[in-house]
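Please look over the sequence and the model first.

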Amino acid sequence: MAAAVLQSLIPHTPKPAKAASNALPRPVPLSLPRIPSPVIMTHAPTLQPKFLPHRDELGVVAVGYSGGQRKSGVDAAPMALIEAGLLDQLKDDLEFNISFDGQVHNYSHVIPKQDADHRNMKSPRSSSAVNKELSQQVYEHASKGRFVLTLGGDHSIAIGSISGTAKATRERLGREIAVIWVDAHADINTPETSDSGNIHGMPVAFLTGLAKEDRDDIFGWIQDEHRINTKKLVYIGLRDIDKGEKKILRDNGIKAFSMHDIDRYGIGKVVDMALGWIGSDTPIHLSFDIDSLDPQWAPSTGTPVRGGLTLREGDFIAECVAETGSLIALDLVEVNPSLEVQGASETIRAGCSIVRCALGDTLL
Ligand SMILES: [Mn+2]
């Protein structure tokens, strides 16, 4: 898809009904008297963020990239989310001042014509170049103290978004970030442990330095300033982990809460434990893969796995992370509107709901 200019489009986008699981119809602008209902009132969050200078400054990057896996269509997600009214809701309901260049980036200017496999990785140069650009885009927002929302795209784009946040936060606050990775998968394969060679299964390996590469055109640009600490990484929702990944998680003592833990303790306790592991004095980047949700709620995604989070559990995680006041960046990835006819709009609505919750929307 060519980079689409959306700026002029956004103000005219009709406002859809709110997509939360408890969604009630929006008040229709009729001249009839309205019954005031505090239950559906959305208002701007009042929580003062711990690691951002302002509550309401939001940078948005729309990433139309699908080369981290083999199914087309995930590059259309940012446009679908925006057309569903996501940015309007953030602006009007949550009162964010949005910095957005109005484009879904396809990064065609940096994608090479030839991109042979390297160390078993598929599309390595394209994925590297896109993420290098994205890293800089996210860095620009984050270094100005904005909350950064990155709309993917497949999950390989977290290499760019998280590396940008990590670098900016080191410079701005002298701190390492923590990452909460909500996903059915651990996405921590190295090129050598991956069966598929798809880079959307490897972003955490590159971000933590468990996978490294010298070639600048194949992720060699990732330096220490871009990396994250395995001790400040927490997973929630895992249920489909490759054998090699299990070993990586164990060997590195990485904190992970699987669906088994959620069944045993309930989502409330699991989120408390995850946030307790991170502590209250660390800025958090939340990377949310829509495939963490059960396909019942989010069927339109590239690698669905049954037995996942309910829509409310997904929203709840986002709400709780928002409540900490420590959240500084969010990715929403792997929404693929082209995979399902019926399920696409439901998946998009689920994605919008997760983003609103993470940005401070509350039920009451
Ligand atoms: Mn993922």
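**Ground rules.** Residues are numbered from 1 along each chain as its sequence is written. This is a predicted model: local features need pLDDT of at least 70, side-chain atom pairs count only at pLDDT 80 or more, and totals for chains, interfaces and linings use all residues.

**Overall.** The protein chain holds 11 helices and 9 strands. Helices (H or I, at least four residues) and strands (E, at least two) are DSSP runs, numbered from the N terminus. Of its 364 residues, 52% count as buried. Buried means that 20 or more other C-beta atoms lie within 10 Å of the residue's own; exposed means 12 or fewer, partly exposed lies in between, and C-beta atoms are placed from the backbone. Contacts are counted between residues whose C-beta atoms, placed from the backbone, lie within 7 Å. Among contacts in the protein chain between residues at least 6 apart in sequence, 75% join residues at least 24 apart.

**Strand β5.** How many of the 5 residues of β5 are buried? The count is 5 of the 5, so β5 is largely enclosed by the rest of the structure. In a regular strand the side chains alternate between the two faces of the sheet. In β5, A178, I180 and V182 lie on one side and V179 and W181 on the other, and all are buried. β5 has parallel partners in β8, over 5 bridges, and in β6, over 4 bridges. Two strands pair if DSSP finds at least two bridges between them. V182 stands opposite F288 in β8. W181 has Y235 of β6 as its bridge partner.

**Helix α10.** This helix covers residues 311–323. At 1.5 Å a residue, its 13 residues should span 18 Å, and the end C-alpha atoms are 18 Å apart, which agrees. The expected span is 1.5 Å times one less than the number of residues. Buried residues of α10 include L311, I317, C320 and V321. The buried residues pack against several elements, among them β5, β6, β8 and α11. G325 follows α10, with a positive phi near 75°.

Two packed pairs are listed here.

| Pair | Angle | Axis distance |
|---|---|---|
| α10 and α11 | about 25° | 7 Å |
| α3 and α4 | about 40° | 7 Å |

Axes are lines fitted to C-alpha atoms, for helices over the stretch in contact, and angles run from 0 to 180 degrees between N-to-C directions. α10 and α11 are therefore roughly parallel to each other. That label applies to angles under 35 degrees; over 145 is roughly antiparallel, 65 to 115 roughly perpendicular and the rest oblique. The crossing of α10 and α11 is right-handed, and so is that of α3 and α4. Right-handed means that the near helix is turned clockwise from the far one by less than a right angle; anticlockwise is left-handed. In the α3 and α4 contact, α3 residues include V130, L134 and Y139, and α4 residues include I159, A168 and R172.

**Serine 126.** S126 sits in helix α3, residues 124–143. Is S126 buried or exposed? S126 is buried, because 21 other C-beta atoms lie within 10 Å. Not counting residues up to four places away in sequence, S126 touches G67, I111, P112 and D115. S108 is 18 residues from S126 in sequence and 9.2 Å away in space, C-alpha to C-alpha.

Notes
Two residues are in contact if their C-beta atoms, placed from the backbone, lie within 7 Å.
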